[in-house]
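Subject: Structure handover

Hello,

Please find the structure below, followed by notes on what was found in it.

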There are 4 protein chains.
Amino acid sequence: MNSENFSLSEKIVSTSYVRQGSQARRSHEQLIRLLLEQGKCPEEGWSESTVELFLSELAVMDSNNFLGNCGVGEREGRVASSLVARRHYRFKLIHGIGRSGDIAAVQPKAAGSSLLNKLTNSVVLDILKLSGVVASCFVVPLATGMSLTLCFLTLRHRRPKARYIIWPRIDQKSCFKAMITAGFEPVVVENVLEGDELRTDLEAVERKIEELGAENILCVHSTTSCFAPRVPDRLEELSILCAKQNIPHIVNNAYGVQSSKCMHLIQQGARVGRIDAFVQSLDKNFMVPVGGAIIAGFDESFVQEISQMYPGRASASPSLDVLITLLTLGASGYKKLLSERKAESDGAVTQLGSMLFTRQVSGARVIPLGKEQTIGGHTFRGFMSHSDAYPCPYLNAASAVGITREDVTLCMKRLDKCLKTLKKEKNVAKSSSPVLPPCQEDTTGE
Amino acid sequence: MNSENFSLSEKIVSTSYVRQGSQARRSHEQLIRLLLEQGKCPEEGWSESTVELFLSELAVMDSNNFLGNCGVGEREGRVASSLVARRHYRFKLIHGIGRSGDIAAVQPKAAGSSLLNKLTNSVVLDILKLSGVVASCFVVPLATGMSLTLCFLTLRHRRPKARYIIWPRIDQKSCFKAMITAGFEPVVVENVLEGDELRTDLEAVERKIEELGAENILCVHSTTSCFAPRVPDRLEELSILCAKQNIPHIVNNAYGVQSSKCMHLIQQGARVGRIDAFVQSLDKNFMVPVGGAIIAGFDESFVQEISQMYPGRASASPSLDVLITLLTLGASGYKKLLSERKAESDGAVTQLGSMLFTRQVSGARVIPLGKEQTIGGHTFRGFMSHSDAYPCPYLNAASAVGITREDVTLCMKRLDKCLKTLKKEKNVAKSSSPVLPPCQEDTTGE
Amino acid sequence: MNSENFSLSEKIVSTSYVRQGSQARRSHEQLIRLLLEQGKCPEEGWSESTVELFLSELAVMDSNNFLGNCGVGEREGRVASSLVARRHYRFKLIHGIGRSGDIAAVQPKAAGSSLLNKLTNSVVLDILKLSGVVASCFVVPLATGMSLTLCFLTLRHRRPKARYIIWPRIDQKSCFKAMITAGFEPVVVENVLEGDELRTDLEAVERKIEELGAENILCVHSTTSCFAPRVPDRLEELSILCAKQNIPHIVNNAYGVQSSKCMHLIQQGARVGRIDAFVQSLDKNFMVPVGGAIIAGFDESFVQEISQMYPGRASASPSLDVLITLLTLGASGYKKLLSERKAESDGAVTQLGSMLFTRQVSGARVIPLGKEQTIGGHTFRGFMSHSDAYPCPYLNAASAVGITREDVTLCMKRLDKCLKTLKKEKNVAKSSSPVLPPCQEDTTGE
Amino acid sequence: MNSENFSLSEKIVSTSYVRQGSQARRSHEQLIRLLLEQGKCPEEGWSESTVELFLSELAVMDSNNFLGNCGVGEREGRVASSLVARRHYRFKLIHGIGRSGDIAAVQPKAAGSSLLNKLTNSVVLDILKLSGVVASCFVVPLATGMSLTLCFLTLRHRRPKARYIIWPRIDQKSCFKAMITAGFEPVVVENVLEGDELRTDLEAVERKIEELGAENILCVHSTTSCFAPRVPDRLEELSILCAKQNIPHIVNNAYGVQSSKCMHLIQQGARVGRIDAFVQSLDKNFMVPVGGAIIAGFDESFVQEISQMYPGRASASPSLDVLITLLTLGASGYKKLLSERKAESDGAVTQLGSMLFTRQVSGARVIPLGKEQTIGGHTFRGFMSHSDAYPCPYLNAASAVGITREDVTLCMKRLDKCLKTLKKEKNVAKSSSPVLPPCQEDTTGE
């Protein structure tokens, strides 16, 4: 309430009580002020009350042309169902975010939605900076694959002649399809086996560039996210190569915000060479529903070029989800989640001493040998193993943000039980059938 | 948001958009201002947005000793479940309303709850005044029966010797029990049959007073609500009698706010004679859940005496429900509901030309002959017919606020069908078994 | 969904996925089955999903006469505002709980509300049994004071001649007013000072009984809840005395469920002597909003007599709040809360070694000397100290369920600061002005 | 609840009441059964209770791997914030809809989300069929512009050599950018002026095709939505032309579902010629927040090809919104909204007899002369007038679904006032400054 209404309240209940009340209000306002002033994720998470108060304030700012001016009563921005209006905090989100010209642009008559959009981008950027990456970014209501597509489509305007994208193989459908959908020909570069790890074959990448001609290559499309035994791409070396050859470099960093290692690789790549944009999933890194991504880069003007490439307005729903989540968690809560994830993974390593959790893995799944898969006309041999011929079948398991010690323990118990059962039945070593633990979850984005 | 935060917002999105937003907010504030200033039910109903904004503002005023002062984060006034906190709009309703000294009193550290309580009483009073009744009142989280008990207990302190309550018979359990519970002996005065109507037997009331001695009588306890063929008590005559004999007069007006006739009777009674308090149900008159009542009277000091009789704090839930409802409906919406109810009843009368809907009835039920019922040691013959020996069995049906033309039509259709079926089977006229229409609803408070 | 709808779903998405879904549903149903079967508080708390699913199932059971039978669409049991309907989980709570005859009775046409009511009473009883008290009980939508009034009013019917209630002094308004409101004369028995503790003066109680005559005494009204330096009443001795003298015994156990000591006193009292009923607050013991209480006793028929004394139906809101809370916490969660409270109090004792936290205290307040207070015509000298002449002024502080170590620490820091400030200014020892720590909260029910 | 739990309930409250309850439940199940069986929008809208019961049932089906199998308690599909979980009905929407292979595909372990997705597509299709269009369709969480881009990207794989898109000019940024973003060169065909209407210049289209060569043209991109004085494109003639020339034909039908005229044009075009896909906005046609579209076509395999082009999973949020909306409105409610919109427009026509509302207009805005705008390198003269040189400036106004008579009246009043004010000040006829009515809303998707 404004000061006038507080004064009126003092006539109804006593002045001192109302002052306490107005002071209480001020403490919420204070938190909001800090957010508006600094545009940073608050160190301590807000209470749900403060979050909801803030959102209702923003929402109220959206509806000006109705309640005040037209006198016809609020109409929820012409949302037909009150269940839908409530779900969107009565935001006049019928306007969504952005304008035709730029998905990050401010909207007329929707000051609240515009603030929501700007603040979300700013808070998310702050989180990226926590891991030392100094970049520019925006949230887009597209899943990771489609966001990569948008990056490729933007590059097309800079390199109209280019037809190829150089792509160190990773067996995940969406990122492969992202290139196909954008209308380019993916040039798959097989990985090399070092120990039990699959790593970027830098020489093969170089050979391909030479073979096809740098000017015909849209970009190098590398990946930080790994599915053991495939490890993150050699970002530094690829970045140097791209800089030298004057080829754009787009990084699929789908799971990477939650991993200090991935973020470090990106920062390093950008420092020593060239990274044009890197894309991360909202759901995988921020525990929100599927459907949003962050597109980031080190050159603000290129990031803006991408945001201006999106034709029309877009759903504010993913922005809303990630803003609520980050305000509720606070920077400290988010860092705590990350360190828990790390502890669980690392703990598992120590505890098990096995290949299962030797590295930052994502998604529990069994990788048999010799599976073939055709996507967009391209046939992958040994699909899911990121290699035409990985030496043995194996199983890998997820350790994404939000995982707890209990999850790991339980999963191990069940796996153990499965393996014992199988051993009894036959001989597990010779079995090629999948060994799926009951609590597996496929978080690979497939 | 306060003006400082609006200014900061102008640095994020453009000044003119933020001004539109702040203007939008002001239009909500304006509605709230009017409410605080006048304490009246707004003529036009508020949008749900405005209602929720207002409630969240009030709730925020309650939590001062937590978020601001103690720095330990908001804890919802120590409400354990977030589902419960949300249900109560995060009000620190753990404090409820009132204090030990007075259920209508202001609470320290709960400016929001206190405002809620005061405003509810004020808005409800405004609604009573719509029907011309100028009184003082407060909302109490007790159903009608218990509220009557509270009135009787209050009177005991004024008339410590009194043991009897004079009560023109109405066959409804709660109001009878209200007297028993308060520790008094109800003196049941049978009604007289005039035509097919049962009316107050004034002479019998006078005889009883003379017989028992006015000083031994706590009060006359009359009833406006009727269940045809019992009509409202002769309030004017009873009020004159009470004034003359110096006996308090408490009116059970359970369903009466929605009826201009009942309200008129009360206003007249108070004008020409004596009415100390009249009690009305929240659920029956305002379409909210069961559990609250309005205790009203014409002497502010006596009303306050009752409110001070309640030992301790009380639930704010019924106050919250009725405030939300009245703000949402607005005075015009409430009047519209009432006139619809009236139209439906009257329309039914015309249409049917039968005894079923000849008067303002409440609760569809079949009244057989000769039923006996014992309550609190008192045996009623012909229970439910308000008379020892009503001449014939009959059926009556509800026409409470919220009823629609469709309800009436459908109910009649089904009744017709039932009657036809019964006729076929046997002979309805001789049947003494209940004829319950499928859409009946017992709204008699039993 | 029922099995037919699951089958239909299998035609839309694959059979195996739907079976997983139906299995998921079954796991919720399983929890609900246990609750219905055993009527006990689940050991592990339910997720909010399960709680909401359960409530929506119950609510759906209420609305039968609308959606199905009358074909006029659901109308929320004639609740006018959708905000209100939502707040009550769309229960047809317009019916509330109970019937005129009995607040614990089942309602026709409101199977869901009836189940809710029965289950709440059953789950709450289970919680009482956790502390070894084997009793009968019901939840009533009245705060503690009014619940005590209801007990006294019930006893009046058993002892029509009685005028007095013997009451070992405790300086809390509501419980004193409860006797006045019920129409009885409180006979205040001053406490005796043993060390720095104030305890029941048993001999004085006996003298009063002899003086007034047992048949003129409605009951002894004792208190477990303490406000240091007043300690819980000598329940065992009072119970024996009441049994011997054939006088009913009502215990004000407002804060007691959370204290194993209070519960033990009650169980012992009932074992060796006579306790007719004991009353506990919902908000103080279960972290729900103000407005409900549990009335319990060892004689089921007397407990039922009380529940039948309530005239009419009543609000289901407090029952709903406590059921949600207990299902969410589970028995283990509730026990954990209690043990945290205990640890915090005890820890404070050790840490401070001072009189401040030497015993289980409730409500932080400064007790000056010589304050006079008149309630219902009775003047208390030295009000708030439970004694006409306590030797020194003091400060006590709350340690209710929900308190955390942080609260205690912070409160101590601030108290320390206050005291230092005061010392500087003058001389604290001579100061008679109140020393209110900024984070104090008056949880004494006043 | 399942039958076992209903049986258990009968032991707690009476059998007959529980049966009423279970019958009530069955009436909701019955509505759900019809939906699952027929996959159609229910004729009558569901109550919010039924909608929420249905959604909670679906959501419960999603969480199987947590509550039941792993025993670690439900974790909201690893959604960090309970506010976010609640906003998404606790759906495990972290999985969103679709799979990498196909956005319309069923997801493992998310039977509820999968059902939601399938049913939404099916119900939306049913609505399209209401207007006589027999097609295949799916909902995509992309706004209209991006959905068009997806169509163009899909066509690229069929016509790898094509570089141009023929586009009869309409001055709306998003649809123009959609072509640029997809990497194609828009070939703008100016409209011809017939009377005061701007219409497709068919001859110019034919000339362009001849000039560029059919095989170099990706598609013709036409528009049904009009912004007066531009009228819908000549769909029939364009469709015939496309069929003859073997050129794909994509229709931007952004606002068209609400207009029987637009839908008829599409059905006709497909009957006599070729329409490959037509795209409509969810927000503009179904009163939901911005961010979703329906991609539809007459060849199921091509529609599926588009849905398979989307790389990865996607947000289920727009699907959820449109499903809630259509279930709540019902087919009859939706048709009523449409007819109201029509009545309002037509009424306005009659009433004003002016050029302002002579046709189905969308978005109130003033169109000055001579404005230049450059988008994606292409400069439009006379931007916003769909013509290089429209003869005069004008104003047009929105009449989208949800508009009411009051809106129109009020808008006219204010416009009138503005015009009068301007006249006084100067001479309106000579003024070239924009005349913006205060209640204008730009709903053009810009």
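Helices H9(D) and H10(D) are roughly parallel to each other, a label given to angles under 35 degrees, where over 145 is roughly antiparallel, 65 to 115 roughly perpendicular and the rest oblique. This is a predicted model, in which local features need pLDDT of at least 70 and side-chain atom pairs count only at pLDDT 80 or more, while totals for chains, interfaces and linings use all residues. Residues are numbered from 1 along each chain as its sequence is written, and chains are lettered from A and ligands numbered from 1 in the order in which they are written.

Helix pair in chain D

H9 covers residues 202-212 of chain D and H10 covers residues 235-245; they pack at an angle of about 20 degrees, with axes 11 Å apart. Helices (H or I, at least four residues) and strands (E, at least two) are DSSP runs, numbered from the N terminus. Axes are lines fitted to C-alpha atoms, for helices over the stretch in contact, and angles run from 0 to 180 degrees between N-to-C directions. On the H9(D) side the contact uses D:Leu202, D:Val205, D:Glu206 and D:Ile209, and on the H10(D) side D:Glu237, D:Leu238, D:Leu241 and D:Gln245. Contact means that the C-beta atoms of two residues, placed from the backbone, lie within 7 Å. By class, the residues of this contact between H9(D) and H10(D) are five nonpolar, one polar and two charged. Here Ala, Val, Leu, Ile, Met, Phe, Trp, Tyr, Cys and Pro count as nonpolar, Asp, Glu, Lys and Arg as charged, and the others, Gly among them, as polar.

Helix pair in chain B

In chain B, the axes of H10 (residues 235-245) and H11 (residues 260-272) come within 8 Å and cross at roughly 25 degrees. H10(B) and H11(B) are therefore roughly parallel to each other, and their crossing is right-handed. H10(B) contributes B:Leu235, B:Glu236, B:Ser239 and B:Ile240 to the contact, and H11(B) contributes B:Leu265, B:Ile266, B:Gln268, B:Gly269, B:Ala270 and B:Val272. The contact of H10(B) with H11(B) has six nonpolar, three polar and one charged residues.

Chain A overall

Chain A has 15 helices and 13 strands. Of its 446 residues, 59% are buried. A residue is buried if 20 or more other C-beta atoms lie within 10 Å of its own, exposed if 12 or fewer, and partly exposed in between, with C-beta atoms placed from the backbone. Among contacts in chain A between residues at least 6 apart in sequence, 72% join residues at least 24 apart.

Annotated positions in chain A

An unreviewed UniProt entry places "modified residue: N6-(pyridoxal phosphate)lysine" at A:Lys284. That entry type also places "binding site" at A:Arg271, A:Arg359 and A:Lys424. UniProt positions are given in the numbering used here, feature names are shortened, and annotations may be inferred rather than shown by experiment. Are A:Lys284 and A:Lys424 buried or exposed? A:Lys284, in helix H12 (residues 282-286) of chain A, is buried, with 25 other C-beta atoms within 10 Å. A:Lys424, in helix H15 (residues 405-425) of chain A, is exposed, with 9 other C-beta atoms within 10 Å.

Individual residues

A:Ile97 sits in the loop between H5 (82-87) and H6 (111-130) of chain A and counts as buried, with 32 C-beta neighbours inside 10 Å. Leaving out residues up to four places away in sequence, A:Ile97 touches A:Ile103, A:Ser113, A:Asn117, A:Arg313, A:Ala314, A:Ala316 and A:Ser319.

D:Leu323 belongs to helix H14 (residues 317-352) of chain D and is buried, with 30 C-beta neighbours inside 10 Å. D:Leu323 and D:Leu116 are 207 residues apart along the chain, and their C-alpha atoms are separated by 8.1 Å. With residues up to four places away in sequence not counted, D:Leu323 touches D:Leu116, D:Leu119, D:Thr120 and D:Val123.

Most residues other than glycine have a negative phi. C:Met287 is not a glycine, yet has a positive phi of about 55 degrees. C:Met287 lies in the loop between H12 (282-286) and strand S9 (293-297) of chain C and is buried, with 27 other C-beta atoms within 10 Å. D:Met287 also has a positive phi of about 55 degrees.

Regards

Key
Left-handed = near helix turned anticlockwise from the far one by under 90°.
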